[in-house]
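Hello,

Here is the structure I promised. My notes follow below it.

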Amino acid sequence: MPIQLTINQAVKTVDVAPDTPLLWVLRDVLDLKGAKFGCGMGLCGACTVLIGGRAVRSCVTLVSAVGSQPVTTIEGLSEDGTHPLQQAWEELDVPQCGYCQAGQIMSAAALLSHSPHPTDAEIDTAMGGNVCRCGTYTRIRAAIHQAANAGATANTK
Amino acid sequence: MRMNRRTFLQLTALTGGGLALDLYSLPLAAAQQADAPPELTPQAFIHIAPDGVVTIMARASESGQGMRSMLPMLIAEELDVDWKDVRVQQADLNEKIYGTQFSGGSQNTPQGWEPMRRVGAAGRELMIAAAAEAWGVPTTECTTAHGRVLHSASGRSVGYGELAAKASALPAPALSGVKLKDPKDYSIIGHSRPGVDNHAIVTGKALFGIDVQLPGMLYAVIEKAPVFAGKVKSANLEQIRTLPGVRQVLVIDGGITPAAFTPWEPGMEPGIAVVADTWWQAQYARRQLKVEWDLGPAAKQNSEAIRKRAGELLKTAPGNTVRKYGDVDAAFKSSAKVVEATYEYPFVAHVTLEPQGATAHWKDGKLEMWSTSTLPGNGRELVAKTLGIAATDITTHMVRSGGSFGRRLQNDYLVEAAWIAKRVDAPVKLLWSREDDIAHDAFRPGGTMGLKGGLDAHGKLTAWRQHFITFGDEKNVASGGGIGQNAYPSGFPPAYELYTSVQPLTLRTGALRAPGDNAYCWVAQSFLDEMAYAAGRDPLEFQLDLLNNSMVPWATGEHDPVGDHEPTGAAVLIPERFKGVLELVGEKSGWASRKKEPGRGMGIAAWFCHLGYFAEVAEVSVDAQNRVKVERVWAAGDVGSQIINPGAAENMAHGGIMEGLGHMAQEITLENGVVQQSNFHNHPLMRIRQTPKIEVYWRKTDYAPTGLGEPTLPPILPAVGNAIFAATGKRVRTLPLKRSGFSWA
């Protein structure tokens, strides 16, 4: 069944079963490999994308439920990888295996969009659904703070 | 079994600080390694383009330890180029030109430190030779800097890019004769370099095993029995074949003979492979399967019965003496105080965040594989054997993985992908679900330890007796469940006995990060803490005092390959280094002046494994509901003279600590052979809110650098357990924490 989606500001039509999780449409139909499969139950956050600006687990989101809401994946977070979060992640050398990091960054992006200067407690809440098996949480927290500061600087210029 | 040094290094790498019994159940790398390592050449590793861009081949697989950055850094340093001009490319499997491509046991640093630097230095000498020849000057008058050869006498200089074609045709110098830099001149080694794949990671580029995409590729899943090695009796295969997107449904008979001992690579597990146009279609179709299974003997296994049997075995005469010296019985008789305790820890699963999987393409009698294995040579051999093809007909591309933690040392998923590919007329990507990944893990085996220690009137340790109940049969111990005669504190108490007894286990087990050590450290360092309290002494002072005893050396020879150590002597515990990290962490954590208040406490522990020394202090708070929050952790490590990539090293230490905390709340249990845990809700990982403030300190010593993947992990478990005791007066003797009445806050 053809389904129309708006992914990273481009309209795409995919022909998949309506109960296919968005994750597998992104990965295997649209060849957007950034969102990862980790649990299939919305427990780990590796598949996190933004739908209508909110962080959503795409592994438990049926493609038919997306509707006209815009979907943003890590590939569409910035044109050239220069979103303050992406830069902070690189500068602070956050990743170990790196598998969870796209999902972490997308959850952090949703957080910063409504809380430009999050406290540690706000970070704990917003990032609580994203696991890092390698345990890079200390740097994830630091990178969010760094990106928040960079964003503030950019906004005041 | 006679082992040469190379085989020994490979094996001990996997088994940690000399878990001798394990060696006999891990006939691993011998299969993939020629006895004589190849002579490495700069031409194999270094490619320089005319514009001066240097491509360095990363020989090891990357699953998060930063090997893709670290090993090329060693080459780049001695090649004398700027890191900004370096591009790193992952090498395919070819151990004839790259040497070992095994990643595990924290071995890439000790095995790469010398050879990789020499490869770089040999490349530099080739550049000098090419320039000197062109200029008609002696090589001794030439120097290098920033990827250029300089001749100061004439003021000439030339970039490596212009010399590359000429240099590559020159004979490579013998690595043993090349001159290495003085460490004070390092500009890359010892300077933090972010991971070379970071940009691809943060922009979501296809990079991991799961991301491999080939034209016309199909996707596969495998339905396996709910218990290990259960066989397919019948199934609704015809119905499944009619479902949307399904291309093939294949019954795997498998190659496992269920027995009391399950080998490291027991053979293919039986099951039903579903191949479809997309992964989701394959998974969807698979869920419609109705299978009648022949469950076999594994269905008789129950965790409660296993624990009960372990308790019985503790009360009977031990099956095997691992080490014995001094008169332990006499020492207990004359001791002022004797302390006894039983410690128990569970099976746990690896849960790499990327589930197991692989991609394979069978075409014209040849196989091409995209593998995340950390023991890729062994993977190729297993595939060749299973498929009945020549290893030389297999090409292995090494792909970054979303974590290994020891899991990808085993190659079961790779064999499965290859087996399916040989029956499908297209490339096939196999991907396990999370539930598959937990149910069919190669589990860290659980264990039970009975301990008894004696103290004299001055509170000094007089004797130590340890009886370890593990798994195996008369001849073999389950992978990851062996223990060696050097198990700390072996050698330090004046009298000592270490015994093992086994019970059968029909289940795949394996190496989980710091195998053996991730459990034995918790047991030994917790019980030492008990002894210190029983003696009325400070735990740090008590252990430093114990380490002052003259160490009773263990016998070398066949049963203790660790005695056959490298010239650094690093494979044998060096008390000065063990004490050094304890003292450093004591100083940094303010141990001596720590406050004693109810509900809050600090604990200390240390360990030596995988050639590295770590001591850690944890500070915890425990609320009225016995919920534990780890507030702060101080870690002190000694991995030799040089931290190669300091930023990555600190990150790795954080990771070891976080993983160790994770182990404390995880368990895998069996009911009628069925693993009761299935996903992250019942096999939890630590979350960001549970992350303590962590400080990492290095104690630099004169020893050659060694690895960090593993030794950072073990001490955190007893450090936290000991801190819980300090806070509450309750001793954690059973893991997971909930079995001792605690949980994470």
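In chain B, 81% of the contacts with a separation of 6 or more are between residues 24 or more positions apart. Contact here means C-beta atoms, placed from the backbone, within 7 Å.

Please note that this is a predicted model: local features need pLDDT of at least 70, side-chain atom pairs count only at pLDDT 80 or more, and totals for chains, interfaces and linings use all residues. Residues are numbered from 1 along each chain as its sequence is written, while chains are lettered from A and ligands numbered from 1 in the order in which they are written.

Overall build: chain B has 20 helices and 27 strands. These are DSSP runs, numbered from the N terminus (helices: H or I, at least four residues; strands: E, at least two). The radius of gyration of chain B, over C-alpha atoms, is 27 Å. The globule rule (2.2 Å times the number of residues to the power 0.38) also gives 27 Å for 745 residues, so chain B is as compact as a globular protein of that length. Its C-alpha trace spans about 80 × 75 × 50 Å along the principal axes. Of the 745 residues, 58% are buried (20 or more other C-beta atoms within 10 Å of the residue's own, placed from the backbone).

One sheet to look at: three strands of chain B form an open, mixed sheet in the order 1-2-3. Strands pair if DSSP finds at least two bridges between them. Strand 1 (46-48) and strand 3 (86-90) of chain B are the edges, each pairing on one side only. Strand 1 runs antiparallel to strand 2 (residues 54-58) of chain B, with three bridges joining them. Ile48(B) stands opposite Val54(B) in strand 2.

Best regards

Note on methods:
A residue is buried if 20 or more other C-beta atoms lie within 10 Å of its own, exposed if 12 or fewer, and partly exposed in between; C-beta atoms are placed from the backbone. Two residues are in contact if their C-beta atoms, placed from the backbone, lie within 7 Å.
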